[in-house]
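Have the structure open and try each task before reading on.

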Amino acid sequence: LFLKEHFSEVTEEARRALEPYAKSARILGEPHIMRGDKLIVNNHAYSTDDIYSMPDKLKPENTATLSNDTTVVFHGRESYLSNFFHAPINIDNQQFSCNEQYYVHKLAEHFQDEEIAAKALKEPNPSVCKGMMRRIKNFRKQEADRFGRKFLYNANLAKFEQHSDLAQQLLHTGDKRIGEATKDRIWGIAMHPWERNVLNPSMWSGENTQGKILEEIRNHLRT
């Protein structure tokens, strides 16, 4: 019988803050376990108070984008390729903190949910925005995926045209395949970033829509 652990709100908040570091440890194959409000890596316990004393290799920004000679995969808001990455964009004289905020705002407009559209416009946290998407009235996933591609293309185009440093990073990937390491079969490659063959595109089973958009943006930037 498996019993789910229940923690106080303070402990849950600490665990959420430590989770990206636990993911880094898993990607690197480092022995780790979460116990209460502590993350134990290689027998060393870390809390949110000393989180920045972790070895650099465990910092999420250092494992958010992985690559080899032919492929780049990314996951999490720490990667510059992510729609959750904080890179303010201006589209149609409206300011957005990241691509995800724009995406949810436009989806709400598309389904004529003025309330969610207005709330998304005021919410800079991409995770909160994503949660709003589930509450959009008359939401239809297949339609959202179809129109969402256009919205995210526009958002990514603005992001890389308005941030030259990010554009240079994207161009530096050359002709490598780009994949989003998520289990989502529409937007990602349907693999976790710690899976053995994550850098082998022949093993991807997802449509990888986000990765394809980024490759299209990269080609556009070259012209």
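**Salt bridges in a predicted model**

In this predicted model, the count comes to 11 salt bridges, taking a side-chain nitrogen of Lys or Arg within 4 Å of a carboxyl oxygen of Asp or Glu. Side chains of opposite charge can pair when their charged atoms come close.

**Exercise 1.** Find the N to O distance between lysine 57 and glutamate 30, and work out which parts of the chain the pair ties together.

*Solution.* Start with the distance: the two side chains meet in a salt bridge at 2.7 Å, N to O. Finally, check accessibility: lysine 57 is partly exposed at 44%, while glutamate 30, at 15%, counts as buried.

**Exercise 2.** Determine how far apart lysine 59 and aspartate 56 are, N to O, and whether lysine 59 is buried or exposed.

*Solution.* First, the side chains of lysine 59 and aspartate 56 form a salt bridge at 3.0 Å, N to O. Then compare with the cut-off: buried means under 20% relative accessible area, and lysine 59, at 18%, counts as buried.

**Exercise 3.** Describe how lysine 106 and glutamate 109 are placed in helix H2.

*Solution.* Begin with the contact: their closest N and O atoms are 3.2 Å apart, in a salt bridge. Now look along helix H2 (residues 99–110): the two residues are three apart, which means a separation of about one helical turn. To finish, glutamate 109 is partly exposed, at 40% relative accessibility.

Definitions and conventions:
Residues numbered from 1 in each chain as written. Predicted model: local features only at pLDDT ≥ 70, side-chain atom pairs only at ≥ 80, totals over all residues. Heavy atoms only, no water. Helix = DSSP H or I, 4+ residues; strand = E, 2+ residues; numbered from the N terminus. Buried < 20%, exposed > 50% of the residue type's maximum accessible area, 1.4 Å probe, protein only.
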